[in-house]
Structures are given as structure tokens and as C-alpha cells.
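I opened my notebook for a friendly walk through one protein model. Here is what I looked up, entry by entry.

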Amino acid sequence: MNFPFYIAKRYAFSKSKSKAINIITAIAAVGIVVSAMAMLIVMSVFSGLRDFSISFTNELDPELKAFSIKGKTFELSAEQEAKLKANPALVHYSKVVEDRVLFLFKEKQLVATIKGVDAEFLKVTNMEKNVLYGHWIDDDSDEVVVGLGVSYKLSMGLFDTENAFKVFAIKPGTGAIDNPESAFNERHLIPTGIYSLKNDDLDEKYVFSSLRIAREMLELKPNEVTNLEFKLAPQANPTKATAEIQAILGDQVVIKNRMQLNDSLYKMLNTENIVVYLIFTLVVIITLFNLVGALIMIILEKQNNIITLHNLGVRESLLRKVFLLQGLILTFLGGFVGIVIGIVVVLIQQRYELLRITPELGYPVKITFNNILLVSMTILVLGFIASYIAASRVNKKYLKHN
């Protein structure tokens with residue numbers, strides 16, 4: 001067995017003659033366990049919250065989305081459509097027309113986004129499963145599906161034949177408006193469904209209609225769209241597919257993936273994750289001061305033994321290595337136990353949802369290999385630094401006879 005490791009193991013698992021040293025060592029070990037456990041649990045909580053937040057947008061946002069670079073709309077030719085349909089990387093694509101308009105029901109009004117979609121839309125997104133009440137729109141009808149927030153704000157139900165649900169869109173054009181009554185396109189709609197993505201902003205944002213209604217309200221051409229939404233084949237390379245779509249549609253559009261569509265959300269989540277990691281890294285550093293103190297006290301207690309070993313021919317570097325390894329043993333075992341406890345706690349929360357955001361929704365947590373690796377490396381690296389600082393006390397001055 002390696003000599004420094006053998007001595008370090010003896011020192012790590014044997015009790016000191018001093019109760020104070022035993023207590024400080026125990027506190028250091030418990031501190032490492034608790035800090036590793038807490039770091040993993042909090043990182044798992046933020047991983048769960050990240051997935052929970054992104055899940056709202058993933059229900060609505062497609063894998064790829066094409067926008068016009070100049071203006072709100074662009075034209076899609078029959079040749080371009082044929083090329084998109086022939087592309088093996090694309091399973092489905094949906095033509096969409098959307099813009100902000102005014103909705104009126106009884107005495108209440110609300111500005112929201114009308115989103116006209118074709119029959120392919122449900123093959124690109126999972127929106128139909130988010131319809132809480134009623135049903136999805138029939139293509140080429142006057143039916144609409146409204147968000148739960150829109151329904152609440154307008155105090156509107158479904159299949160109301162007595163009260164009209166109206167939409168108003170400003171007619172395109174230039175110059176001053178002479179007659180306000182003729183400045184808007186108006187249409188009566190039939191609410192047949194209410195959707196909910198469990199996100200207030202998204203539930204208050206959209207009213208889904210057929211593509212025909214949206215085009216007529218905004219006075220667009222039959223081949224004009226505001227964006228295209230794509231669903232990729234399972235084996236498709238997103239980067240390559242983006243380049244192929246760009247080549248088909250030309251420079252008139254820009255194509256974004258889900259992360260780019262929600263870049264501000266991703267930046268916020270990543271920033272929060274980094275800040276939390278740095279805070280708990282600081283907690284680990286403070287905890288490891290106890291380890292430095294415990295090792296220094298053990299070094300002072302074992303001074304006579306160390307000097308004897310040195311006189312027998314053991315090099316100074318090997319003697320320092322003894323206490324470096326002792327610190328690493330305590331760090332490794334404490335970190336391992338803390339991570340195991342943290343994993344158990346997270347799994348219990350996943351299984352039983354003991355902590356809840358609402359009575360129906362458990363606090364989201366998620367165990368990831370990256371988090372386990374990050375916590376492990378953080379504990380080990382900081383433990384190595386702390387152990388090295390303590391082991392440096394074994395020097396020429398220390399090895400001199402008193």
C-alpha cells in the first residue's frame with residue numbers, strides 16, 4: 001500500500017487524544033456532507049424549475065420558426081412549398097398569420113393576438129391537448145379557441161349565441177383616418193374552445209382562428225404569411241435543416257429554434273443558475289475552513305510522530321502528502337455521503353411531492369448527471385485546495401526539534 005495513503009487513512013479514521021480535535025473534525029465532516037447535499041438539492045431544484053418554465057413555451061413553440069426580416073409578412077410561392085414538402089428533414093410545416101387586434105365581448109374589450117393557423121398546425125405543436133374546455137377549431141370556419149386568461153378578462157364562456165364575440169383589425173393603408181368606423185375590419189367569431197398553458201402571459205396572449213379568417217381580417221394575399229412553423233424528423237440535424245430551409249426561403253426570412261425564440265428566458269434561467277452555484281460555492285468554501293483548522297490541529301498534535309518519520313528518512317514532500325491525502329479522504333467521503341443524501345431527498349420529492357407550489361402542483365426537481373458531476377468536482381477541488389493549505393504547515397521549521 002502507498003505509504004502516505006496508509007498513514008493518512010489511519011489518521012482519518014482513528015480518534016485523536018484531544019476531544020477538541022475530534023469535535024472540530026466531526027464538525028468539518030458534517031459541514032462537507034451538509035454543503036454537498038444542499039448544493040445538489042438546490043441545483044436540482046433549479047434544473048426542475050428550468051424544465052418547468054421551458055415546458056410552457058415548448059407546448060406552443062415549434063422546433064423551428066421562420067420570420068420575415070423586413071415587415072410583418074412574406075410571400076410563400078408554390079415552388080417553395082413544393083421544396084419544403086419534398087425535404088426529408090421536415091415532417092410537417094404550418095402556415096401562420098398573426099397580429100395584434102382588438103376583441104370585444106359585451107361591454108369588455110381586450111387587445112390580444114389573433115393567430116390564424118392551418119390544418120397542419122396541430123401536427124407541428126401539441127396545442128390540441130391543452131384545450132381545457134370545448135374543442136379545437138374546425139378548419140375554414142368562424143370558430144376560435146381563446147386562452148383561459150382571455151376568457152377570464154372578457155368574462156366569456158363557450159357557445160354563447162346571445163352575445164357577439166367581435167374582432168376588430170385596423171385596415172392596412174397610409175394617411176389620416178377620416179372615418180373611424182370604416183378604418184377597421186370587423187368580424188363575429190364563435191368561441192368553441194378554451195386553452196391553458198398554465199402560464200398567465202401565454203393564456204392571455206392568443207386567440208386561435210383559421211388561417212382564412214386571419215388573412216381576411218388583416219387583408220393579406222392568399223400566399224402571404226407572417227411566419228412558418230416546422231416540425232423536424234427525429235433523425236434530422238437542426239443546424240443542417242435550418243440551412244436547407246434558409247436556402248429554400250431565401251434572404252427574406254430569418255429562422256430561429258426554440259432557444260432563440262425564448263433567448264431572454266434562457267438567459268435569465270442560466271444567470272440564476274450561475275448565481276446560485278456561486279453562492280453555494282461560497283458556502284462550501286466557508287465550510288472547508290473547518291477542515292483546514294482540523295487538519296492544522298492534527299498536524300500540530302502529530303508533530304513528534306512526523307519528526308520521527310522524517311528522521312527515519314521519510315521525505316518532507318511525502319509527509320505533506322499524508323495530510324493532503326487525509327483532507328482529501330474526509331472531503332471525498334463527506335461529499336459522497338452528502339450527494340447520496342441529496343439524491344435521496346430529490347427522489348423523494350419527485351415521488352411524493354412533499355413540497356408543493358399549489359395544492360395540485362408539486363415543486364419541480366430534477367436529478368441530472370451534470371449537476372452531480374459539478375457538485376462532486378466543486379467539493380473535491382475546493383477540498384484539495386483546503387487540504388493543500390493545511391498540509392503546507394509541514395515545512396522545515398515544523399520538522400525542527402523543539
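**Entry 1: the core.** I began with the largest nonpolar core, which has 25 residues. A nonpolar core here is a set of buried Ala, Val, Leu, Ile, Met, Phe, Trp, Tyr and Cys residues joined through side-chain atoms within 4.5 Å. The residues with the most contacts inside this core are V101, F103, V146, L154, F165 and L189. Then I listed the elements that give two or more residues to this core: β3 (90-105), β4 (108-117), β6 (143-147), α5 (148-154), β7 (165-170), β8 (184-195) and α7 (211-218). With five residues, α7 gives the most. The helices (H or I, at least four residues) and strands (E, at least two) are DSSP runs, numbered from the N terminus.

**Entry 2: ground rules.** I noted that this is a predicted model, in which local features need pLDDT of at least 70, side-chain atom pairs count only at pLDDT 80 or more, and totals for chains, interfaces and linings use all residues. Residues are numbered from 1 along each chain as its sequence is written, and side-chain values use heavy atoms, with hydrogens and water left out.

Entry 3: What does L189 contact, leaving aside its neighbours within four places in sequence? I found F103, D142, V144, F165, V167 and I213. Contact means heavy atoms within 4.5 Å.

**Entry 4: helix α7.** Is α7 largely enclosed or open? Six of its eight residues are buried, so α7 is largely enclosed by the rest of the structure. Buried means under 20% relative accessible area, exposed means over 50%, and partly exposed is in between (1.4 Å probe, protein chains only). The buried residues of α7 are L211, I213, A214, R215, M217 and L218. Their cover includes β3, β4, β7, β8, β9 (206-210) and β10 (224-225).

Entry 5: I found F74 in strand β2, where F74 is buried, with a relative accessible area of 4%. Beyond residues up to four places away in sequence, F74 touches several others, including A66, F67, N223, V225, N227 and V253. F74 and N227 are 153 residues apart in sequence, yet their C-alpha atoms are 7.8 Å apart. K70 lies in the loop between β1 (64-68) and β2 (74-75). Is K70 buried or exposed? K70 counts as exposed because its relative accessibility is 73%.

**Entry 6: positive phi in loops.** K106, in the loop between β3 and β4, has a positive phi near 55 degrees and is not a glycine. S155, in the loop between α5 and β7, is not a glycine either, and its phi is positive at about 50 degrees. At 42% relative accessibility, S155 counts as partly exposed.

**Entry 7: stepping back.** I counted 13 helices and 14 strands in the protein. Its C-alpha trace spans about 105 × 45 × 40 Å along the principal axes. Buried residues make up 45% of the 402 residues. Among contacts with a separation of 6 or more, 79% join residues 24 or more positions apart.
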